[in-house]
Amino acid sequence: MSSDSSSIDTEPRCPECGAEVHTINSGLTHGLQCGSCNWSVVTTNHNTLPFDETDYKIFVVSTASTRPSIIPVVAVLLGLSSAVIRRLVDSGEPVLEGLKAWEIKKLHRQFASKGIRIQIQPPFPWPLETEARQSVQADGID
Ligand SMILES: [Zn+2]
């Protein structure tokens, strides 16, 4: 029970043999393939990413000038109080963690529709829709 292992094992594993799997990423086809056995899963459906077991975190990107208007909007989107969101944003902590890929895509779209930029960790490997306006410009979390 070591509590200081801050690097979480986010590598996807083969459900059959437990070996590391690698990502297939060509055109519209996304999937995972095991290097040891014959297991693989491939999808062309961008709306569901059931094979991506990575836990993602999201950070709200804001500046001192955009923060006051962003915080209440984020609070409503996430169903949390403005005080909680303000504390997380001010301290540079993620506003949400433990999110799966499909949740990231949904949240990204919701945030983008409000003109709010988010940062995703670890880097998100799937395409994100950015059809909405991005009216809020910001440089970073600080
Ligand atoms: Zn395998």
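**Where two helices cross**

Modeller: The crossing of helix 1 and helix 2 is right-handed. Keep in mind that this is a predicted model. Helix 1 covers residues 67-78, and helix 2 covers residues 82-90. Their axes come within 8 Å. They cross at roughly 125 degrees.

Now look at the residues that touch. Helix 1 brings Arg-67, Ile-71, Pro-72, Val-74 and Ala-75. Helix 2 answers with Ser-82, Ile-85, Arg-86 and Val-89. Sort this contact by class, and you find 6 nonpolar, 1 polar and 2 charged residues.

An open sheet is formed by 3 strands, in the order 5-4-6. Their pairing is antiparallel. Strand 5 (96-99) and strand 6 are the edge strands, and each of them pairs on one side only. On average, neighbouring strands here are turned by 30 degrees against each other, with direction ignored.

Take the pairings one at a time. Strand 4 spans residues 56-61 and pairs with strand 6 over 5 bridges, in the antiparallel sense. Find Lys-57: Gln-121 in strand 6 stands opposite. Then find Phe-59, which faces Gln-119 in strand 6. Turn to the other pairing. Strand 4 and strand 5 are joined by 2 bridges, and they too run antiparallel. Here Tyr-56 has Leu-99 in strand 5 as its bridge partner.

Go back to Gln-121, the residue opposite Lys-57. A cis peptide bond joins Gln-121 to Pro-122. Its omega is about -10 degrees. Strand 6 covers 117-121, and Pro-122 lies in the segment after this strand.

Finally, check the confidence. The protein chain has a mean pLDDT of 80. Of its residues, 76% reach 70 or more. Two stretches need care. Over residues 1-8, pLDDT stays under 50, and the model has 1 contact beyond four places in sequence for them. Over residues 131-142, pLDDT also stays under 50, yet here the model has 24 contacts beyond four places in sequence.

Note on methods. Residues numbered from 1 in each chain as written. Predicted model: local features only at pLDDT ≥ 70, side-chain atom pairs only at ≥ 80, totals over all residues. Helix = DSSP H or I, 4+ residues; strand = E, 2+ residues; numbered from the N terminus. pLDDT = per-residue confidence, 0-100. Contact = placed C-beta atoms within 7 Å. Pairing = 2+ DSSP bridges. Axes fitted to C-alpha atoms, helices over the stretch in contact; angles between N-to-C directions. Left-handed = near helix turned anticlockwise from the far one by under 90°. Nonpolar A, V, L, I, M, F, W, Y, C, P; charged D, E, K, R; others polar.
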